[in-house]
Amino acid sequence: MGAWDVGPFDNDAAADFAGDLTDASPEDRPELIREALATAADNTEYLDNADACAAIAAAAIVASQQPDGPEVDSVYGPDFLTDGGRIDLPEDY
């Protein structure tokens, strides 16, 4: 069954990215987020749909970690964030 809605995690590619983050060790998660954002930023000619969806999900995660940022409340979001956890992001995110 596919996930299709308007939220940043509500499509198959973003849900897969969120699952990868959930499965990754906490110390590896920031690099996965950086890679997703860099892939989108570096592709100036053509950005694959899956890469775009992962970048949007990554941006939503970064936003959620800012003071007064929006919560990650999608059932397709990373489990550690939907359960109220946080991710330790470097200050340059």
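Where is the place of aspartate 10? Select aspartate 10: its place is in the segment before α1. Helices here are DSSP runs of H or I, at least four residues, numbered from the N terminus.

Two notes before moving on. This is a predicted model: local features need pLDDT of at least 70, side-chain atom pairs count only at pLDDT 80 or more, and totals for chains, interfaces and linings use all residues. Residues are numbered from 1 along each chain as its sequence is written, and side-chain values use heavy atoms, with hydrogens and water left out.

**Stop 1: aspartate 10.** Aspartate 10 is buried (under 20% relative accessible area, 1.4 Å probe, protein chains only). Aspartate 10 has no salt bridge (a side-chain nitrogen of Lys or Arg within 4 Å of a carboxyl oxygen of Asp or Glu). The nearest side chain of opposite charge is arginine 29, 18 Å away. The side chains of aspartate 10 and serine 74 make a polar contact at 2.7 Å.

**Stop 2: the negative patch.** Select Asp12, Asp16, Asp20, Asp23, Asp79 and Asp83. They gather in a patch of negative charge on the surface. Helix α1 (residues 12-23) gives the largest share, four residues. Aspartate 16 sits in helix α1. Why does aspartate 16 count as exposed? Because its relative accessibility is 52%, and exposed means over 50%.

**Stop 3: aspartate 68.** Go to the loop between α3 (49-64) and α4 (79-82), where aspartate 68 is found. Its phi is near 60°, a positive value in a residue other than glycine. Aspartate 68 counts as exposed, because its relative accessibility is 83%.

How values were computed: Patches are made of residues with over 30% relative accessible area and no salt bridge: like charges are joined within 9 Å, nonpolar side chains (Val, Leu, Ile, Met, Phe, Trp, Tyr) within 5 Å. Accessible areas come from the Shrake-Rupley method with a 1.4 Å probe; for residues, only the protein chains shown count as cover. Lys and Arg count as positive and Asp and Glu as negative; His and the chain ends are not counted. The place of a charge is taken as NZ of Lys, CZ of Arg, CG of Asp or CD of Glu. Helices (H or I, at least four residues) and strands (E, at least two) are DSSP runs, numbered from the N terminus. A polar contact is a pair of N or O atoms within 3.5 Å; within protein, one must be able to donate a hydrogen and the other to accept it, and residues adjacent in sequence count only if both atoms are side-chain atoms.
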